[in-house]
Amino acid sequence: MGDTPHLRLDVEVLDRNIAAMAQRAGAAGARLRPHAKTHKCPQVGRRQLAAGADGLTVATIGEAEVFADAGVTDLFIAYPLWVDADAASRLRALAGRVRLAVGCDSAVAGANLAGLPLEVMVEVDSGHHRTGVRPADAGTLAAALAGSGLTVRGAFTFPGHSYAPGAGRGAAQEEAAALAEAARAMAAAGVPAGVTSGGSTPSVAFAGPGVVDELRPGVYVFGDAQQVELGTIGFDEVALTVVATVVSLAGGRVVTDAGSKALGADRAGWASGYGRVLGEPDARVVALSEHHSTISWPGPLPALGSRVLVVPNHVCNTVNLAREYHLSSGGTWPVAARGRNC
């Protein structure tokens with residue numbers, strides 16, 4: 001199985017997750033455009049596309065370049081890009097190979113996109129309060145972008161406030177309301193929203209036929225400890241774990257070699273630890289150092305030198321720390337877009 005720590009990808013669970021989300025999107029009457037920043041892997045992206053996804057979402061130009069190189073032909077950079085001359089050159093080259101859309105939440109940033117052969121999605125704030133204009137202002141921005149010669153595809157949002165216990169349903173309702181208001185504002189401005197795009201892994205279960213016609217969940221493909229604790233998934237839907245070796249039992253503590261440099265250090269305020277353990281539902285990662293994870297382990301302790309499967313809190317960060325996936329079916333896949341943060 002190789003040295004530890006390393007990523008283990010259960011391909012059977014992966015494929016079940018991909019199929020289930022495709023079915024869920026279909027039941028909601030929406031197209032599926034998964035966020036590939038979670039897996040950063042063309043092999044996974046191809047599976048999502050083969051299961052019916054219309055295209056992929058990415059976070060950066062660098063990620064888009066990796067997936068374009070791998071043959072993906074429809075990409076959305078769901079980020080309010082600030083484009084300088086170098087970024088404009090890269091976007092122009094990308095748009096010559098793929099159908100490309102990018103996010104925008106200001107006319108000033110949009111002016112830097114003028115003249116590029118791509119489409120623009122107006123970002124609106126549906127309650128996460130990070131980026132995006134007020135839904136009522138989407139028409140004004142869309143008109144400004146269209147006036148500068150850009151093709152406006154539609155509106156999008158990220159209901160990131162779904163990442164809290166019990167918040168998924170409310171976030172989905174606010175998302176739908178925000179996109180509906182944005183669509184009305186854009187229509188009144190003479191720039192109709194051909195696409196209304198949203199969705200996060202915790203909120204997508206509450207999406208139904210209506211205004212949101214494109215969904216962009218990402219974490220669902222692998223699952224993680226946050227999703228388990230939010231109740232979005234069960235442990236049987238966790239496809240990605242970090243294989244770790246028990247290196248110390250000093251003082252009755254279980255310590256493994258998978259520290260923050262393997263797991264990532266994310267811990268939401270509501271989370272019960274820095275990660276969980278597959279097959280040991282009551283165990284918690286209670287402390288992290290760079291190369292150590294300390295696990296609270298009820299019951300008989302595992303043997304020194306044994307291996308455990310750690311479920312990280314935030315799988316997107318974990319993946320970006322690794323070079324490859326070790327597959328349950330044998331072999332490896334590269335984390336090809338690792339480190340492509342710009």
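This is a predicted model: local features need pLDDT of at least 70, side-chain atom pairs count only at pLDDT 80 or more; totals for chains, interfaces and linings use all residues.
Colleague: Why is Y220 called buried?

Modeller: Its relative accessible area is 6%, and buried means under 20% (exposed is over 50%, partly exposed in between; 1.4 Å probe, protein chains only). So 6% qualifies. Y220 sits in the loop between β9 (214-215) and α8 (225-230); helices (H or I, at least four residues) and strands (E, at least two) are DSSP runs, numbered from the N terminus. Beyond four places in sequence, Y220 touches residues including N17, M21 and T201, where contact means heavy atoms within 4.5 Å.

Colleague: What makes the D74 and R33 side chains a polar contact?

Modeller: They are joined at 3.0 Å. The definition wants a pair of N or O atoms within 3.5 Å, and within protein one must be able to donate a hydrogen and the other to accept it; residues adjacent in sequence count only if both atoms are side-chain atoms. So 3.0 Å falls inside the cut-off. D74, in strand β4 (residues 74-80), is buried too, at 11%.

Colleague: Which residues of α6 (138-147) are buried?

Modeller: A138, G139, L141, A142 and L145. They cover an arc (directions from the helix axis to the C-beta atoms) of only 165°, which puts them on the same side of α6. On the other side, T140 and G147 are exposed.

Notes:
Residues are numbered from 1 along each chain as its sequence is written. Side-chain values use heavy atoms; hydrogens and water are left out.
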